[in-house]
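The sequence and the structure are shown first.

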Amino acid sequence: MKKVVLVTGISSGFGKQIAHLLAKEGLTVYGTIRKDCGTSDLVNVLKMDLTDIESIKRTVETIHRKEGRIDVLINNAGMHTGGPIETTPVENIMLQMDTSFLGTVLLTREVLPLMRKQGSGTIINFSSIGGLMGLPLQAFYSSSKFAVEGFSEALRMEVRAFNIKVIVINPGD
């Protein structure tokens with residue numbers, strides 16, 4: 001049985017490369033995008049917005065209905081808000097936290113019951129070097145990534161007994 005992988009944010013960067021590499025290796029890959037963009041025929045592309053819980057639920061339901069499982073969740077999608085703390089618009093701060101942290105949490109919450117029932121799974125959360133140390137002019141980006149770090153650490157301990165692994169990746173600039 002081929003492993004089923006869900007990768008968020010495949011329109012560019014790490015997500016795009018990961019989705020294509022895994023698909024070429026023969027895994028069944030579902031990748032999410034917010035808006036239409038050029039994608040490979042190897043990857044099953046789904047529209048999903050991490051700031052919309054109904055969009056998240058539809059995505060997980062679609063994959064579960066077609067495949068009956070999700071073996072690997074790669075929470076890659078995110079965004080970056082930079083600038084001085086006192087001049088960053090509140091809307092940007094909220095979008096940063098809603099996308100990079102809360103979106104990761106909400107999607108993970110939808111996938112976890114499937115992995116628990118399967119008795120296995122792997123969750124890979126993309127954080128950043130900015131999640132390990134605060135970076136000047138990136139307070140809100142760093143804060144969202146610090147939150148991913150703490151969430152991942154707690155989640156790792158919580159799901160260990162269900163044979164679910166949690167991995168955090170911390171790329172640099």
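## Loop residue, helix residue and helix pair

Leu42 sits in the loop that runs between β2 (28–33) and β3 (44–47). The model is a predicted one. Leu42 has a relative accessible area of 45% and is therefore partly exposed, since that class lies between the limits of 20% and 50%. Not counting residues up to four places away in sequence, Leu42 touches Ala23 and Lys24. Tyr30 is 12 residues from Leu42 along the chain, and the C-alpha atoms of the two are separated by 9.3 Å.

Ser55 belongs to helix α2. Ser55 counts as buried because its relative accessibility is 6%, and the limit for buried is under 20%. A polar atom of the Ser55 side chain lies 2.9 Å from the backbone nitrogen of Asp49. Leaving aside neighbours within four places in sequence, Ser55 is in contact with Lys47, Met48 and Asp49.

The two residues are set out below.

| Residue | Relative accessibility | Class |
|---|---|---|
| Leu42 | Leu42: 45% | partly exposed |
| Ser55 | Ser55: 6% | buried |

Helix α2 (residues 53–67) also packs against helix α3 (residues 90–118), at an angle of about 30° and with the axes 10 Å apart. The two helices are therefore roughly parallel to each other, as angles under 35 degrees are classed that way. The crossing of α2 past α3 is right-handed. From α2, the residues Ile53, Ile56, Lys57, Val60 and His64 meet Gly103, Leu106, Leu107, Glu110, Val111 and Leu114 of α3. By type, the residues of this contact are 7 nonpolar, 2 polar and 2 charged.

Key: Residues are numbered from 1 along each chain as its sequence is written. This is a predicted model: local features need pLDDT of at least 70, side-chain atom pairs count only at pLDDT 80 or more; totals for chains, interfaces and linings use all residues. Side-chain values use heavy atoms; hydrogens and water are left out. Axes are lines fitted to C-alpha atoms, for helices over the stretch in contact, and angles run from 0 to 180 degrees between N-to-C directions. Helices (H or I, at least four residues) and strands (E, at least two) are DSSP runs, numbered from the N terminus. Angles under 35 degrees count as roughly parallel, over 145 as roughly antiparallel, 65 to 115 as roughly perpendicular and the rest as oblique. A crossing is left-handed if the near helix is turned anticlockwise from the far one by less than a right angle, and right-handed if clockwise. Contact means heavy atoms within 4.5 Å. Ala, Val, Leu, Ile, Met, Phe, Trp, Tyr, Cys and Pro count as nonpolar, Asp, Glu, Lys and Arg as charged, and the others, Gly among them, as polar. Buried means under 20% relative accessible area, exposed over 50%, partly exposed in between (1.4 Å probe, protein chains only). A polar contact is a pair of N or O atoms within 3.5 Å; within protein, one must be able to donate a hydrogen and the other to accept it, and residues adjacent in sequence count only if both atoms are side-chain atoms.
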